[in-house]
Amino acid sequence: LVETEKYIIACTHLDHKGKQARSDQMRFVDSWIREKYGNSDKPVFLCGDLNSTPDSPVVKELLEHWTLLSSREYSWPSKVPVKCLDYIFCLNPDRVENISSVRISKRKNLSQYSDHLPKIVRMKIKE
């Protein structure tokens, strides 16, 4: 987790083997961030590889308190994506003034750096 003058960004990578482990990990991360930063006047972003599809219990639980900013476009594996496992969420989206683009990077040779494609959300944060 990184806190700057204007925003807070947390990044996570959930277990890739066990559904229960992923759920437990996400509940802990969600609870900790909301407890510590839930009343912040800054936007709070949660990004990462959740190893969970959009219809999974992990994502459904997050959507109870978080707003999905990124697309549900496939991002894994990077060579020929067949699943959406990567996300960018915002805890208090009222602090985001404008989202100008939501995309997935498909630049050449990305698979040599990661087995996931990066998701990008371009936005303006309220002053």
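Helices and strands here are DSSP runs numbered from the N terminus: a helix is H or I with at least four residues, and a strand is E with at least two. From the N terminus on, the elements of the protein chain go β-β-α-β-α-β-β-β-β. That gives two helices and seven strands.

Two things to know before you click around. This is a predicted model, where local features need pLDDT of at least 70 and side-chain atom pairs count only at pLDDT 80 or more, while totals for chains, interfaces and linings use all residues. Residues are numbered from 1 along each chain as its sequence is written, and side-chain values use heavy atoms, leaving out hydrogens and water.

**Stop 1: the whole chain**

Select everything and zoom out. The C-alpha atoms fill a box of roughly 40 × 35 × 25 Å, taken along the principal axes. Now think about contacts, meaning heavy atoms within 4.5 Å. Of the contacts with a separation of 6 or more, 66% are between residues 24 or more positions apart.

Colour by charge next, with Lys and Arg as positive and Asp and Glu as negative; His and the chain ends are not counted. Each charge is placed at NZ of Lys, CZ of Arg, CG of Asp or CD of Glu. You get 21 positive and 17 negative side chains, and the centres of the two sets lie 7 Å apart.

**Stop 2: strand S2**

Select Ile8, which sits in strand S2. Is Ile8 buried or exposed? Ile8 is buried, because its relative accessible area is 0%. Try the distance tool on Ile8 and Lys42: they are 34 residues apart along the chain, yet their C-alpha atoms are separated by 6.8 Å.

Slide along to Ala10, also placed in strand S2 (residues 8-13). Ala10 counts as buried too, at 6% relative accessibility. Not counting residues up to four places away in sequence, Ala10 touches Leu1, Ile33, Phe45, Leu46 and Cys47.

**Stop 3**

Jump to His116, in the loop between strand S6 (96-104) and strand S7 (119-125). With a relative accessible area of 12%, His116 is buried. Which side chain does the side chain of His116 make a polar contact with? Asp49, at 3.0 Å. A polar contact is a pair of N or O atoms within 3.5 Å; within protein, one must be able to donate a hydrogen and the other to accept it, and residues adjacent in sequence count only if both atoms are side-chain atoms. Leaving aside neighbours within four places in sequence, the contacts of His116 also include Ser75, Trp76 and Leu85.

**Stop 4**

Trp76 leads us on. The peptide bond from Trp76 to Pro77 is cis, with omega near -10 degrees. You'll find Pro77 in the loop between strand S4 (67-68) and strand S5 (86-90).

Next, select Asn51, in the loop between strand S3 (44-49) and helix H2 (57-62). Its phi is near 50 degrees, a positive value in a residue other than glycine. Asn51 counts as buried, at 16% relative accessibility.

Finish at Asn109, in the loop between S6 and S7. Phi of Asn109 is near 70 degrees, again positive in a residue other than glycine.

Notes: Buried means under 20% relative accessible area, exposed over 50%, partly exposed in between (1.4 Å probe, protein chains only).
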